[in-house]
Amino acid sequence: MGDDEKVKNEALQIIGQHQNLPTLVVFDLDYTLWPFYCECCDEDEMPYLYPQASAILYALKDKAISMAVASRSPTPDIAKSFLQTLGIHSLFVTQEIFSSWTHKTEHIQRIHATTGVPFSSMLFFDDEDRNIQTVSKMGVTSTLVRNGVNLGALRQGLLEFSRKSASSSRR
C-alpha cells in the first residue's frame, strides 16, 4: 500500500470517529493545499500539493463531504490552472479565487450564497491567523494550518467542529 493510500485510510478513520461532520470543507490554497504562492509561479510550472493533502481531499470525497476553495490569490488564472493540472479542480463544488482585503469573509459569503450551506456547517482551513479570526466570527469552524493540510490539521478541525456542533445542539 502506497503512502497516499495509507494517509487516505487514516483520514477515513479520523472522519469515521465523528458523528457530527461538516457539510462543506473550505480550503485556502497557498501554504494550505500547496507550499507556495501561486503568484510567484508561471502558469506552465508543475505544481504540487503538500504530502498529505491529496489523500485527505479524496477521503473527504469518499465520505461525500463537499469541498470548496477560498483563495485571495491575485493570480486566479494561475491558481485555477494549477487545480486543473493537479486533477483536483472537479473535487470542489465552488472555487472563490480573487484578490481581496476582506480576510476571506467575502469568499465565505459567496460560497454560502452558491452552496446554501450554513456557516455553522462549514469547516475552514487556512494558514493565516487573520483569516481564521475573521471567518470564525462568521460562525464557521476555522483551523489554522502551520505546514499545510495534514492528518493533524484534519483531526484538529473535525474535533473542533464536533465540539461546536455538540454544544449548539444542547442549547
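Glu96 counts as buried, at 12% relative accessibility, where buried means under 20% relative accessible area, exposed means over 50% and partly exposed is in between (1.4 Å probe, protein chains only). Glu96 sits in strand E3. This is a predicted model, with residues numbered from 1 along each chain as its sequence is written. Local features need pLDDT of at least 70 and side-chain atom pairs count only at pLDDT 80 or more, while totals for chains, interfaces and linings use all residues; side-chain values use heavy atoms, with hydrogens and water left out.

Thr94 is another residue of strand E3, and at 9% relative accessibility Thr94 counts as buried too. Over in helix H4 there is His112, which counts as partly exposed at 27% relative accessibility.

| Residue | Relative accessibility | Contacts |
|---|---|---|
| Thr94 | 9% | Met67, Ala68, Val69, Ile111, Thr114, Thr115 |
| His112 | 27% | Val117, Pro118, Phe119, Met122 |

One more thing about His112: its C-alpha atom and that of Thr134 are separated by 15 Å, with the two residues 22 apart along the chain.

Now for the sheet. It's an open one of five strands, in the order E3-E2-E1-E4-E5, with parallel pairing. The edges are strand E3 (92–97) and strand E5 (141–144), each of which pairs on one side only. From one strand to the next, the twist averages 20°. As for terms, helices (H or I, at least four residues) and strands (E, at least two) are DSSP runs, numbered from the N terminus, and two strands pair if DSSP finds at least two bridges between them. Strands of a sheet pair through backbone hydrogen bonds, either parallel or antiparallel.

Take strand E1 (residues 24–27). Its pairing with strand E4 (residues 122–126) is parallel, over four bridges; Leu24 stands opposite Met122 in E4, and Phe27 has Phe125 as its bridge partner there. E1 and E2 also pair in the parallel sense over four bridges, with Ala68 of E2 as the bridge partner of Val26. Leu24 and Val26 point one way from E1, Val25 and Phe27 point the other way, and all are buried.

Helix H4 (residues 105–115) lies across E1, strand E2 (66–71), E3 and E4, and runs at about 150° to E3. Axes here are lines fitted to C-alpha atoms, for helices over the stretch in contact, and angles run from 0 to 180 degrees between N-to-C directions.

Helix H2 (residues 53–62) is largely enclosed by the rest of the structure, because seven of its 10 residues are buried. Those are Ala53, Ser54, Ala55, Ile56, Leu57, Ala59 and Leu60. H2 is followed by Ala64, which has a positive phi, near 60°.

Finally, the largest pocket is lined by 16 residues, with Glu39, Arg72, Ser73, Pro74 and Glu128 nearest its centre. On a 1 Å grid over the protein atoms alone, a pocket is an open set of points where a 1.4 Å probe fits, with protein on both sides within 12 Å along at least five of seven lines; lining residues have an atom within 4 Å of a point.

Notes
Contact = heavy atoms within 4.5 Å. Lists of a residue's contacts leave out its neighbours within four places in sequence.
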